[in-house]
Structure formats: C-alpha cells, structure tokens
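My notes follow in the order I took them.

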Amino acid sequence: MINIKGLSKFYGNFQVLKGCTTHINKGEVVVVCGPSGSGKSTLIKCINALEPFDSGEIHVDGVSVGAKGTDLPLLRRQVGMVFQQFELFPHMTVMDNLVIPQTQVLKRPKAAAHERGQRLLERVGLGAQASKFPGQLSGGQQQRVAIARALAMEPKAMLFDEPTSALDPEMVAEVLAVMTELAQEGMTMFCVTHEMGFARKVADRVLFMDAGEIIEDAPAAQFFDAPQTPRAQGFLQQILAH
Ligand code: ADP
Ligand code: MG
C-alpha cells in the first residue's frame, strides 16, 4: 500500500532523512518510534506530500508521490492523517467538522454525509456529541472526532503522528482503543507513537528511527524482545522504565 525507497530530505544543509526504505502492506499496522528529532514526523508528512523530499521514491497504492502530475489533493484524501494537535475547526460543530469535508471535497450529498458522520461518531463513542463545538469536548474526545473526520473520507490508509502525546493520561486509553479497533478492522496504519503497549499488542512491525535513518524494522515481538541496535535497546529501556 505504501512503499518508501531511499527517501532523503534536507532542511538547508541539515539532512533530516537519510535513505529511508520501508513498506506498509495493505491491512498492516506499522509503528514508528525513536528519539525526538530523529525525523519521524518528517517521514510521515512526506507520505501524503505535506513535505517535499529531495531523493528517493514513495508510492501510495501504486501512485508516485513525488512525480510531477500526481494529483496531490486526491492523494491526501486517500491517506487520512491524525496529528498530535487535533486541528478540528473550532467554529464548527462536531457534525459540521465531519460533514463539510465530505460535501466540499467528495461532493457527497449533505444527507449522506450527515448519515456517515453520525455513524462514525457512534463508532468512536461520541454519538451524542454531534451538536457540540470542539472546545466543549475533552482532548480525548476531540482526538476521536479527528479520527472520525479522517475516516469520513474513506481513506485507503491512515497516518498518525503522536496522536496521544498531547492528552492527559486518562484520555490516552480511549484514543488507543479506537485505534486498536480500527487496526482490527483491517485499516492500513502508519503510527508514530511511543505507546509501547499499543505497539506490542497491535503493530505488525515496529520501525526505530535515529538521526534520520530507520535503523530497525522488525516484527513487533522481535523488536521488543530482542532489539538489534544498542540505540534501540537504550531507547526501550528508557521508555519502559516509567
Ligand atoms: P521527530 O518527529 O522525530 O521529533 P521531526 O521530523 O519533527 O522529528 O524533525 C527532525 C529534525 O528536523 C529535527 O532536528 C527538527 O529540528 C528538524 N526540522 C523539522 N522541521 C523543520 C523545518 N521546517 N525546518 C528546519 N528543520 C526542521
Ligand atoms: Mg514528531
């Protein structure tokens, strides 16, 4: 579904990605972890062309992201993205946040968009919150709305960039529960997260990034039980210690 080959990117003279190669098969859940500044967000943003890259290739469902002439708006609506900050429209109700992208971008009739919106809100446990504004919801609820909004576009894959990092601890579980359900339903997912319990339970593979390189790419059980590099070993010790 997503194929990344020899991906490199510079910010000025600083090389943020150094020949990253990996793939995500249809229905697979891949977790990306690694120290702050290692390039995780940049990698994930390259996949739906929110960041350009300098060399290498990315294909999403066979379509080359970097090629001239690629329909980037089409690509972006096929690849849902959920950020650390929920980025809902604050002046619109929860339902409008879900309906407007469907009617404006997909040209879906309003009634159908509304119906789909309600179904997705129910699926993330927020069926009763449709008429509220984002600011009236908790962080965990807002993030679940953001996931529902991404799903409303019927994406082929979902990208998550630290979706629980801005949440109070008691809200992390409710968001991870939604993500786990999504994974179990067969969604193709690429998740930057340091929630190692989620990674161990749900991920098919774990990538470990350090200084712009993917230095481990292993089945989850193997990554946790026998990380290959001292860097990943140290990272895991640190993160699992608290
Ligand atoms: P991570 O998500 O792993 O914390 P990022 O991909 O956000 O890492 O950033 C990787 C590196 O690139 C960091 O050193 C960061 O300071 C740098 N960086 C990120 N965005 C920019 C930018 N727009 N311009 C210059 N440097 C950037
Ligand atoms: Mg980041």
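I began with the largest pocket and read off a volume of about 540 Å³. The model is a predicted one.

Next I asked which residues lie nearest the centre of the largest pocket. I found Arg-76, Met-81, Pro-101, Arg-149 and Met-153 there, out of 21 residues in the lining.

I then looked up the elements behind this lining. At least two residues each come from α2 (72-78), β6 (79-82), α3 (94-104) and α5 (139-152). The most come from β6, which supplies four residues. Sorted by class, I have 14 nonpolar, three polar and four charged residues in the lining of the largest pocket.

I moved on to ligand 1. Around ligand 1 I listed Tyr-11, Phe-14, Val-16, Pro-35, Ser-36, Gly-37, Ser-38, Gly-39, Lys-40, Ser-41 and Thr-42. By class this shell holds four nonpolar, six polar and one charged residues.

Which side chains place a polar atom by an oxygen atom of ligand 1? I noted Lys-40 at 2.7 Å, Ser-41 with an N or O atom at 2.9 Å, and Thr-42 at 2.5 Å.

I also checked how much of ligand 1 is covered: alone it exposes 560 Å², and the protein buries 58% of that. Two or more residues of the shell around ligand 1 come from β2 (14-24) and likewise from α1 (40-47). I recorded α1 as giving the most to this shell, with three residues.

Note on methods:
Residues numbered from 1 in each chain as written. Chains lettered and ligands numbered in written order. Predicted model: local features only at pLDDT ≥ 70, side-chain atom pairs only at ≥ 80, totals over all residues. Heavy atoms only, no water. Near = heavy atom within 4 Å. Polar contact = N/O pair within 3.5 Å; in protein donor to acceptor, adjacent residues only side chain to side chain. Areas by Shrake-Rupley, 256 points an atom, 1.4 Å probe, with all protein chains shown as cover. Nonpolar A, V, L, I, M, F, W, Y, C, P; charged D, E, K, R; others polar. 1 Å grid on protein atoms, 1.4 Å probe; cavity = no way out; pocket = protein on both sides within 12 Å on 5 of 7 lines; lining within 4 Å. Points joined across faces, edges and corners; volume = space filled by probe spheres on them.
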